[in-house]
Amino acid sequence: MKFAVIVFPGSNCDLDMYHAIKDELGEEAEYVWHDSTDLSKYDGVLLPGGFSYGDYLRCGAIAQSSAVMDEVKKAAEAGKPVLGICNGFQILTEAGLLPGVLLRNKNLKFMCKTVGLKVENADTLFTTEYEQGQEIQIPIAHGEGNYYCDDETYEQLLQNNQIVFSYADDFNGSRNQIAGIINERGNVLGMMPHPERAVSELINGDDGLALFKSIVKQWREANVTHA
Amino acid sequence: MKKVKIYVTLRESVLDPQGSAVMGSLHKMGYSEVEDVRIGKFLELNIVEDVQDVDALVNEMCQKLLTNTVIEDYRFEIEEAVSQ
């Protein structure tokens, strides 16, 4: 399976993402610069964390208008898996691919630590290798991870099982401790925690690996025909 | 040339932790009169003269990039700028 790791000016988790895919997962990955206008050769799209365009105006707002985002939208429409982590999640909400928005943490602090996450929906393209309700340990590193949406949107998220991960504890003010959501179709996931930083037992544990394995497993089942 | 002044504010329903922190600080300084603080943004754009519908143009830019209407409201004023 071949992944595109999209790189914006100010992305800083692109190397971690690449490492996770290439070295830990054993799949193909390529860096793709933000002005690219063709993602057709990739099977999945990864938007890494960082501070694209210095978080100017709003987090993800300027990256959202990059040329490559039209291609990311096309990939999403084609049903390819699209995963946005941290700043990638912020970009996906700004681009309108996911509902809601990420606000400043309620305590106004940038927080960097490993937190407990609950798998709220283990029946998605990204989570089948987890158990429903499983608690996993994944690092976070964000100053603006306070998920906000209006009541109507929240009801829709609930009804369609779009809440995929929630925090075990409330530390950033996110509505109902939401840590990650998926689009209605089920192929675009955005999350603030960093599964790509938890892919090896030596560093931060490997609870994040199952997320990437889920994507690859389902892609194989759908696309690889056995002789 | 026209000068456009855009005021971006957080919607009423959205909590403003930054505003709350500033209010806390004002209270500590003794300004107990302050009941609420909301922090927004101010943008100034210069637009070339020969635009037909500046209103429509500014609205479009606000909705596409300058504001996030999920959490923000905006209003703007258009002024004739004196050319240098």
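Predicted model: local features only at pLDDT ≥ 70, side-chain atom pairs only at ≥ 80, totals over all residues.
**View 1. Overall build of chain A.** The secondary structure of chain A consists of 5 helices and 11 strands. Its radius of gyration is 16 Å, close to the 17 Å that the globule rule gives for 227 residues, so chain A is as compact as a globular protein of that length. Taken along the principal axes, the C-alpha atoms of chain A fill a box of roughly 55 × 35 × 35 Å. Of the contacts in chain A with a separation of 6 or more, 75% are between residues 24 or more positions apart.

**View 2. The largest nonpolar core and the surroundings of V45(A).** The largest nonpolar core holds 72 residues, and those with the most contacts inside it are A4(A), V5(A), I6(A), V45(A) and L46(A). Leaving aside residues up to four places away in sequence, V45(A) touches A4(A), I6(A), L39(A), V72(A), A75(A), K80(A) and V82(A). In soluble globular proteins, nonpolar side chains tend to be buried together.

**View 3. Strand 11 of chain A and its two partners.** Strand 11 (residues 188-191) of chain A is covered on both faces, with V188(A) and G190(A) buried on one side and L189(A) and M191(A) buried on the other. In a regular strand the side chains alternate between the two faces of the sheet. Strand 4 (residues 82-85) of chain A pairs with strand 11 of chain A in the parallel sense over 4 bridges, and L83(A) stands opposite L189(A) in strand 11. Strand 10 (residues 178-182) of chain A, by contrast, runs antiparallel to strand 11 of chain A and is joined to it by 3 bridges, with G190(A) in strand 11 as the bridge partner of I181(A). The hairpin of strand 10 and strand 11 of chain A has 5 residues between the strands, and in this hairpin G186(A) takes a positive phi near 95°.

**View 4. Overall build of chain B.** Read along the sequence, chain B follows the pattern β-α-β-α-β. Its radius of gyration is 17 Å, well over the 12 Å that the globule rule gives for 84 residues, so chain B is more spread out than a compact globule. The C-alpha trace of chain B spans about 50 × 30 × 15 Å along its principal axes, and buried residues make up 11% of the 84 residues in chain B. Among contacts in chain B between residues at least 6 apart in sequence, 72% join residues at least 24 apart.

**View 5. The open sheet of chain B.** In chain B, 3 strands form an open sheet in the order 2-1-3, with antiparallel pairing. Strand 2 (41-47) and strand 3 (72-80) of chain B stand at the edges, each with a single partner strand, so one side of each is left without a neighbour in the sheet. Neighbouring strands of this sheet are turned by 20° against each other on average, direction ignored. Strand 1 (residues 2-10) of chain B is joined to strand 3 of chain B by 9 bridges, and V8(B) stands opposite Y74(B) in strand 3.

**View 6. The helices of chain B.** Helix 2 (residues 54-66) of chain B lies across strand 1, strand 2 and strand 3 of chain B, running at about 40° to strand 1. Helix 1 (residues 17-28) of chain B has 12 residues and reaches 17 Å from its first C-alpha to its last, close to the 16 Å expected at 1.5 Å a residue. Just after helix 1 of chain B, G30(B) takes a positive phi of about 105°.

How values were computed:
Residues numbered from 1 in each chain as written. Chains lettered and ligands numbered in written order. Core = buried A, V, L, I, M, F, W, Y, C linked by C-beta atoms within 7 Å. Buried ≥ 20, exposed ≤ 12 C-beta atoms within 10 Å, placed from the backbone. Contact = placed C-beta atoms within 7 Å. Helix = DSSP H or I, 4+ residues; strand = E, 2+ residues; numbered from the N terminus. Expected span 1.5 Å × (residues − 1). Rg over C-alpha atoms; globule rule 2.2 N^0.38 Å. Pairing = 2+ DSSP bridges. Axes fitted to C-alpha atoms, helices over the stretch in contact; angles between N-to-C directions.
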